[in-house]
Amino acid sequence: MLQAAAQLRRYREVGVRTASRGQLLLALYDAAVRYCKLGADSIRRGDVVAKGRELQRVSDIVAELTSTLDHGVAPDLCERLEQIYFYMQERLATANAAMDPEPAEEVGRLLSMLYEAWIQAVQEVEGNGSAR
């Protein structure tokens, strides 16, 4: 079992190192959406440890997305995304502190909408129809 886990970890590492910037962006959004769902589910179960872990993962991803915005290339878009990301961080903090799944689900919905938009953008930039 440990050998299979190590092989899977190596496979993922190679995938990350060889992925395009667009594919990495999509992977971050996909993971953030998944962690939002896990966080909301953890809140419903009353699992404080899992809730904290999953919501922190989302928060870390949103912070990474914020830090990689290139205001020199698209200042208006970056400003809007920065505001959305800040709002997401506030809602994640609310979900965490209040043990309320709704704010985490809201962040998940917002991330899902952005994810779908980025899929289209990545497909256009990378010139293929298989960015998913």
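The legends below describe close-up views of a predicted model. Local features need pLDDT of at least 70 and side-chain atom pairs count only at pLDDT 80 or more, while totals for chains, interfaces and linings use all residues. Residues are numbered from 1 along each chain as its sequence is written, and side-chain values use heavy atoms, with hydrogens and water left out.

**View 1. Overall fold of the protein chain.** The chain has five helices and zero strands, in the order α-α-α-α-α. Helices (H or I, at least four residues) and strands (E, at least two) are DSSP runs, numbered from the N terminus. Of the 132 residues, 33% count as buried (under 20% relative accessible area; exposed is over 50%, partly exposed in between; 1.4 Å probe, protein chains only).

View 2. Lys51 lies in helix α3, residues 48-67. Lys51 is buried but has no salt bridge (a side-chain nitrogen of Lys or Arg within 4 Å of a carboxyl oxygen of Asp or Glu). The nearest side chain of opposite charge is that of Asp47, 9.0 Å away; Lys and Arg count as positive and Asp and Glu as negative, and His and the chain ends are not counted. Asp47 belongs to the loop between α2 (21-45) and α3 and is partly exposed, at 30% relative accessible area. Beyond neighbours within four places in sequence, Lys51 is in contact with Gly39, Ser42, Ile43, Asn96 and Met99 (heavy atoms within 4.5 Å).

View 3. Arg34 and Asp30 join their side chains in a salt bridge of 3.2 Å, N to O. Both lie in helix α2, four residues apart, about one turn of the helix. Arg34 is partly exposed at 39% relative accessible area, and Asp30 is partly exposed at 35%. The charged end of Arg34 also sits over the ring of Tyr35, 5.5 Å from its centre (NZ of Lys or CZ of Arg within 6 Å of the ring centre and within 35 degrees of the ring normal). A second salt bridge joins the side chains of Asp41 and Arg44 at 3.7 Å, N to O.

**View 4. Salt-bridge network around Arg109.** Arg91, Glu102, Glu106 and Arg109 are linked in a network of salt bridges. Between Glu102 and Arg109, the closest N and O atoms are 3.2 Å apart. Glu102 is partly exposed, with a relative accessible area of 32%, and Arg109 is partly exposed at 45%. The structure holds nine salt bridges.
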